[in-house]
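Hi,

Here is the structure I promised to pass on. Have a look at it first, and my notes follow below.

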Amino acid sequence: MDKKIITKVLATFTPRVAEAVTDYCLDRIALHHKELEQTKMPERVSELQGAIAELRKMIDLRNSCFAIHENASKGGVNG
């Protein structure tokens, strides 16, 4: 992962903000899952699956950046 991206994400995601964003993403994923179970329109299913995937990517980005930063601060190799 590019160091510039990690730096930008970490500057934005203080632990407090990161927790709030993660909570928001998890709440939205739960809401989309519920709607996914109830919808009967194939195009809506596709939209909801895409929304869930994007929310998961946001959580993964946050986790990856913190893990890389933590590894680097312990003297590990970046990347």
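What do the buried residues of α2 pack against? Before the answer, some ground rules. This is a predicted model, in which local features need pLDDT of at least 70 and side-chain atom pairs count only at pLDDT 80 or more, while totals for chains, interfaces and linings use all residues. Residues are numbered from 1 along each chain as its sequence is written, and side-chain values use heavy atoms, leaving out hydrogens and water.

Now the answer: the buried residues of α2 pack against α3. Helices here are DSSP runs of H or I with at least four residues, numbered from the N terminus. Buried means under 20% relative accessible area, with a 1.4 Å probe and protein chains only. In α2, the buried residues are Ala18, Thr22, Cys25, Ile29 and His32.

The largest nonpolar core has five residues: Cys25, Ile29, Ile52, Leu55 and Ile59. Such a core is a set of buried Ala, Val, Leu, Ile, Met, Phe, Trp, Tyr and Cys residues joined through side-chain atoms within 4.5 Å. Both α2 (15-38) and α3 (42-73) supply at least two of its residues each, and α3 gives the most, with three.

Two residues are worth a click. Setting aside neighbours within four places in sequence, Ile52 is in contact (heavy atoms within 4.5 Å) with Ile29, His32, His33 and Leu36. Thr22 lies in helix α2 and counts as buried because its relative accessibility is 16%.

Best wishes

Key:
Buried < 20%, exposed > 50% of the residue type's maximum accessible area, 1.4 Å probe, protein only.
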